[in-house]
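Please look through the sequence and the 3D view before reading on.

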Amino acid sequence: MFGYEFYVDPSRCIGCRSCLQACEECDTHRGKSMINFDFIERKESIRSAAYVCWHCDEPTCAQVCPADAIKKGEDGIVHSSLKPRCIACNNCVLACPFGIPKMMIPEQQMMKCDMCYDRTSIGKRPMCATVCPSQALSYVRPEEIASRREKPTNIFYFGSQKITTKVYMMAPAEREAIALDVVDYMWEENHELVAARQ
Amino acid sequence: MNWLRRGSSGGTAREPLWKEEFSVRTADERYVTRRQLTKFLVLTSLGMFVGNIWILIRSLVYKAPVYPRQPVAQVGEIPVGGVKLFSYPTKDDHCIMIRTGEDEYVGYSQKCTHLSCAVYYSQAENRLECPCHKGFFSTKDGAVLQGPPSRPLPRIVLEARGEQLVAVEVKG
């Protein structure tokens, strides 16, 4: 809306968890962090990845919601479930290919990253992007990200499901899209986060 | 009745109706939320309230129109049971005058209150008749005797001034 886009670069993540702390400060979900934070191959490495909701163009979470509680706004933000509608059925949690939605058991409501809607809707940067020291999470103009070695992509393949998103992932420059074969990934000897699509 | 609710661009390869009505995108939502309905009710009742206030103010400052005095005919110009057509108060308001008795003259607007056909005087029945839809009016006060008109004919008040009959006012 204001010419900014969100870029996620897990290779830059240093695991400081500043984003988790900053996210809790966001007014739309005060006290709860909506950042998804993972360690990768924790046994062998200290690699970590912090990422936010990708805000799919065709959000699977909203498509499977039986209560019509998840909505995609006109600016492309997929919001948390609407409190009066959410029946805490966990459909969205299971369906999201990125594993983004979080079921808040005490509230009986699904909550997820809404890209700090109270901030981005008035032209401010999301909380996580303001604090990330390594710019693994960055909310900048496309021309600013163009100087990086990695190139942004917002096309993902999960098996045969093609997903285009609002948030960009920084991928190796030669990759047009990011393809994940979830079953392949489960095999120990054959796991590569970024695999070429057949 | 789905074709009624589906809008104009029908087709077979479209999304199912429920997907269309309960769209994921807020911009495409078609059902009315409780808040929207409440907003609509509040705004329309506010509009009606304002409208009523306006009508009240208008009726408070309403001034009765001033009608001109206009000589219509000479006394005795038409025989008993005879009619004379005239225009009052403006040239386009056609009226009919009937001499119902020796000293009795009545005047009415000639426009039927149903669909504005010109009424005529039926001497045999002693009533004003509209030929279009058989609406009949009394010559005594212009009241509807039968037919579709719902209001009596506007009456032209006539005054005798010397030898002249003068129209002074339109009533109703």
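Which residue takes a positive phi in the hairpin of E9(B) and E10(B)?

## The hairpin and its neighbour strand

The model is a predicted one. In the hairpin formed by E9(B) and E10(B), 2 residues stand between the strands, and B:Gly162 is the residue with a positive phi, near 65°. The two strands are antiparallel and are paired over 7 bridges, with E10(B) covering residues 164–171 of chain B. Across this pairing, B:Ala160 is opposite B:Leu165 of E10(B).

E9(B), residues 155–161, also pairs with E4(B), residues 105–109 of chain B. That pairing is antiparallel too and consists of 2 bridges. Here B:Gly107 has B:Ile156 of E9(B) as its bridge partner.

## Nonpolar cores

The largest nonpolar core contains 46 residues. Those with the most contacts inside this core are A:Phe6, A:Val8, A:Cys19, A:Cys23, A:Val52, A:Cys128 and A:Leu137. Several elements of chain A give two or more residues to the core, among them strand E1 (5–8), helix H1 (18–24), helix H5 (127–131) and strand E8 (161–171). E8(A) gives the most, with 5 residues.

Leaving aside residues up to four places away in sequence, A:Leu137 touches A:Val8, A:Cys19, A:Ala50, A:Val52, A:Cys128, A:Ala129 and A:Cys132. Another core, of 18 residues, lies apart from the largest one. Its members include B:Ile98, B:Val106, B:Cys112 and B:Val119.

## A helix in the open

Helix H3 of chain B runs over residues 34–60, which makes 27 residues. From first C-alpha to last, H3(B) reaches 39 Å, close to the 39 Å expected at 1.5 Å a residue.

Why does H3(B) lie largely in the open? The number of its 27 residues that are buried is 0, so the helix lies largely in the open.

## Confidence

Chain B has a mean pLDDT of 86, and 92% of its residues reach 70 or more. Among the elements of chain B, H3(B) has the highest mean pLDDT, 96, whereas helix H1 (residues 2–5) of chain B has the lowest, 46.

Over residues 1–11 of chain B, pLDDT stays under 50. For this stretch the model has 3 contacts beyond four places in sequence. Where pLDDT is low, predicted coordinates should not be read in detail. For the complex, the predictor gives an ipTM of 0.70 and a pTM of 0.58.

How values were computed: Residues numbered from 1 in each chain as written. Chains lettered and ligands numbered in written order. Predicted model: local features only at pLDDT ≥ 70, side-chain atom pairs only at ≥ 80, totals over all residues. Pairing = 2+ DSSP bridges. Helix = DSSP H or I, 4+ residues; strand = E, 2+ residues; numbered from the N terminus. Core = buried A, V, L, I, M, F, W, Y, C linked by C-beta atoms within 7 Å. Buried ≥ 20, exposed ≤ 12 C-beta atoms within 10 Å, placed from the backbone. Contact = placed C-beta atoms within 7 Å. Expected span 1.5 Å × (residues − 1). pLDDT = per-residue confidence, 0-100.
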